[in-house]
Amino acid sequence: MERGNHTVTEFILLGFSTNPVMQMILFVPFLGVYSLTLVGNTTLIILICNDSRLHTPMYFFIGNLSFLDLWYSSVYTPKILVTCISEDKSISFAGCLSQFFFSAGLAYSECYLLAAMAYDRYAAISNPLLYAQAMSKKVCSSLVIYSYTGGFVNAIILTSNTFTLDFCGDNIIDDFFCDVPPLIKLACDVRESYQSVLYFLLASNVITPTLLILASYIFIIAAILRIRSTQGRLKAFSTCSSHLISVTLYYGSILYIYSRPSSSYSLQRDKMVSTFYTVLFPMLNPMIYSLRNKDVKEALRKLFKLAPSDI
């Protein structure tokens, strides 16, 4: 990759601050968040694998979501921690490409997985008697495989198009990871065809899953309204509340960052929003799906041999 008469062999990640004192201050909360992410998601995966009561389609998807979040957070946070405590802020061209590829692949896969989870909730509420048949192990496994396949195939398209751009400006990335907005800022000229690729990927990986989720919830609401008892309606809706929170937080931040024209990118503002879905969201997911979940609490109590009052 040539830049003027030079070859771009590395990029410089500025991170959140160039102030050494502020960097050390930021190291502590990021380490805490990453530790909670690892512990929370790993614990949830262990609970789902060990407790037979959690061997259902819903928890199968939650377990895969936790696995995705473990991987997703590990793409960013270790590099952030190193940047905070090291004077070397560089990342090699190959390292930047790899981080970009896995970032996109995991983000797109999570979009598809959240859509699959919405369909699972629709199947459970609309026709509970046929739920086990509709969401068999084969169907659940296929949905997860399709999520990963779709995510990483589209990541290949995005990565190949992004890293064939001509980077003729500075090699300084005003962000904490290699992402579309800061890389576009470094490009000499962003072709219209590249912008078209971005819109295509946004439509196929974010807008389409969003529409599928909305359609699922329209049918879910219709099914809930057919339930006669108020208690039955509340119970049915409670099984969707965690997923709704997760979808709103994740898709909201994704759409804010990537649904705008490249000319309107604001790196400082986008940096804060990116922090939420790349670093904080993977930590929040285990809490969202477990804090109000009696089955998970019971599995946790059983695993650690705690009294019911201890949880």
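A salt bridge is taken here as a side-chain nitrogen of Lys or Arg within 4 Å of a carboxyl oxygen of Asp or Glu, and a search of the whole structure under this criterion finds three salt bridges. The structure is a predicted model, in which local features need pLDDT of at least 70 and side-chain atom pairs count only at pLDDT 80 or more, whereas totals for chains, interfaces and linings use all residues. Residues are numbered from 1 along each chain as its sequence is written, and side-chain values use heavy atoms, with hydrogens and water left out.

One of the salt bridges joins Asp 51 to Arg 53, with the closest N and O atoms 2.8 Å apart. Burial is assigned from relative accessible area (buried under 20%, exposed over 50%, partly exposed in between; 1.4 Å probe, protein chains only). Asp 51 is buried because its relative accessible area is 5%, while Arg 53, with a relative accessible area of 40%, is partly exposed. The pair formed by Asp 120 and Arg 121 has its closest N and O atoms 3.0 Å apart; here Asp 120 is buried at a relative accessible area of 1%, and Arg 121 is likewise buried, with a relative accessible area of 7%.

A further salt bridge links Arg 301 with Glu 298, the closest N and O atoms being separated by 2.5 Å. Both residues belong to helix 10 (residues 294-304), where they stand three residues apart, about one turn of the helix; helices (H or I, at least four residues) and strands (E, at least two) are DSSP runs, numbered from the N terminus. Arg 301 counts as partly exposed because its relative accessibility is 24%, and Glu 298 is partly exposed with a relative accessible area of 27%. Helix 10 also holds Val 296, which is buried, with a relative accessible area of 4%. The C-alpha atoms of Val 296 and Asp 51 are 9.1 Å apart in space, although the two residues are 245 apart in sequence.

Helix packing was examined next. Two packed helices are described by the angle between their axes and the distance between the axes. Axes are lines fitted to C-alpha atoms, for helices over the stretch in contact, and angles run from 0 to 180 degrees between N-to-C directions. The axes of helix 3 (residues 93-126) and helix 7 (residues 192-225) come within 9 Å and cross at roughly 15 degrees, which means that helix 3 is roughly parallel to helix 7. The orientation classes are set by angle (under 35 degrees roughly parallel, over 145 roughly antiparallel, 65 to 115 roughly perpendicular, and the rest oblique). For helix 5 and helix 7, the axes come within 10 Å and cross at roughly 165 degrees, and helix 5 is therefore roughly antiparallel to helix 7. Helix 3 passes helix 7 in a left-handed crossing, and helix 5 also passes helix 7 in a left-handed crossing; a crossing is left-handed if the near helix is turned anticlockwise from the far one by less than a right angle, and right-handed if clockwise.

Further contacts over sequence distance involve buried residues in helices. Leu 158, located in helix 5 (residues 137-162), counts as buried at 4% relative accessibility, and its C-alpha atom is separated by 12 Å from that of Ser 98, 60 residues apart along the chain.

Met 22 lies in helix 1 (residues 20-50) and is partly exposed, with a relative accessible area of 36%.
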